[in-house]
Amino acid sequence: MKLHELKNVPGAVHRKKRVGCGEGGGHGKTSGRGGKGQTARSGSSIRPGFEGGQMPLYRKLPHRGFNNYNFRTGYETINVGDLAKLDASVTEINAETLRQAGLIRSTDSALKVLGDGEVTRAFKVTAAKFTESAKAKIEKAGGQAIVAE
């Protein structure tokens, strides 16, 4: 099977709905827009939550509470298996060396090392957090896992 030989399953492709082309087509007269009024006009749209002038539900309900999203601690994550992608000359790893290698996006967030993959070389890794398995794998390979403040 080649890409140019692919065909749709029968019934998967429907012809375009032609509205306003007579009653025989099934979409004549009002062209599927119902009766008269605001929604029947072209270019018309009613904003979400609008209830025809009635007090909308989102304004009736109380808006109280606290959201922690703005105060959360964001982490850049990396697996120990990805550390093998670094040059053999690199022995000390921190957020800046990982950003330069293209393994994380920014150094603004704290770095967390996860334990997926295997470590074959000894590294001195500095990060904000380590999972237990990541710390164990780094130290088993003869490296150090240093928790930075």
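Rings of Phe, Tyr and Trp (its six-membered ring) pair if their centres lie within 6.5 Å, and planes under 30 degrees apart count as stacked, over 60 as edge-to-face and the rest as tilted. This is a predicted model, where local features need pLDDT of at least 70, side-chain atom pairs count only at pLDDT 80 or more, and totals for chains, interfaces and linings use all residues. Residues are numbered from 1 along each chain as its sequence is written, and side-chain values use heavy atoms, with hydrogens and water left out.

**View A. The aromatic pair, F66 with F71.** The structure has 1 aromatic pair. F66 and F71 make it up, and they are stacked, with 5.8 Å from centre to centre and 10° between the planes.

**View B. The open sheet β1-β3-β5.** Here 3 strands pair in parallel; strands are DSSP runs of E, at least two residues, while helices are runs of H or I, at least four, all numbered from the N terminus. Two strands pair if DSSP finds at least two bridges between them. β1 (75-79) and β5 (129-130) sit at the edges with a single partner strand each, so one side of each has no neighbour in the sheet. Strand β3 (residues 110-114) meets β5 through 2 bridges in the parallel sense, and V113 has F130 of β5 as its bridge partner.

**View C. T77 on strand β1.** With a relative accessible area of 44%, T77 is partly exposed. Setting aside neighbours within four places in sequence, T77 is in contact with I104, K112 and L114 (contact means heavy atoms within 4.5 Å). T77 and A110 are 33 residues apart in sequence, yet their C-alpha atoms are 8.6 Å apart in space.

**View D. The open sheet β2-β4-β6.** This one also has 3 strands and parallel pairing. β2 (92-93) and β6 (144-147) are the edge strands, each pairing on one side only. Between β2 and β4 (residues 124-127) there are 2 bridges, and the two strands run parallel. Zoom in on I93 and you'll find V125 of β4 standing opposite.

**View E. A nonpolar surface patch from M1, L3 and L6.** The patch covers about 440 Å². L3 lies in the segment before α1 (57-60), and at 74% relative accessibility L3 counts as exposed. Patches take residues with over 30% relative accessible area and no salt bridge, joining nonpolar side chains (Val, Leu, Ile, Met, Phe, Trp, Tyr) within 5 Å and like charges within 9 Å. A salt bridge is a side-chain nitrogen of Lys or Arg within 4 Å of a carboxyl oxygen of Asp or Glu. Accessible areas come from the Shrake-Rupley method with a 1.4 Å probe, and for residues only the protein chains shown count as cover.

Conventions:
Buried means under 20% relative accessible area, exposed over 50%, partly exposed in between (1.4 Å probe, protein chains only).
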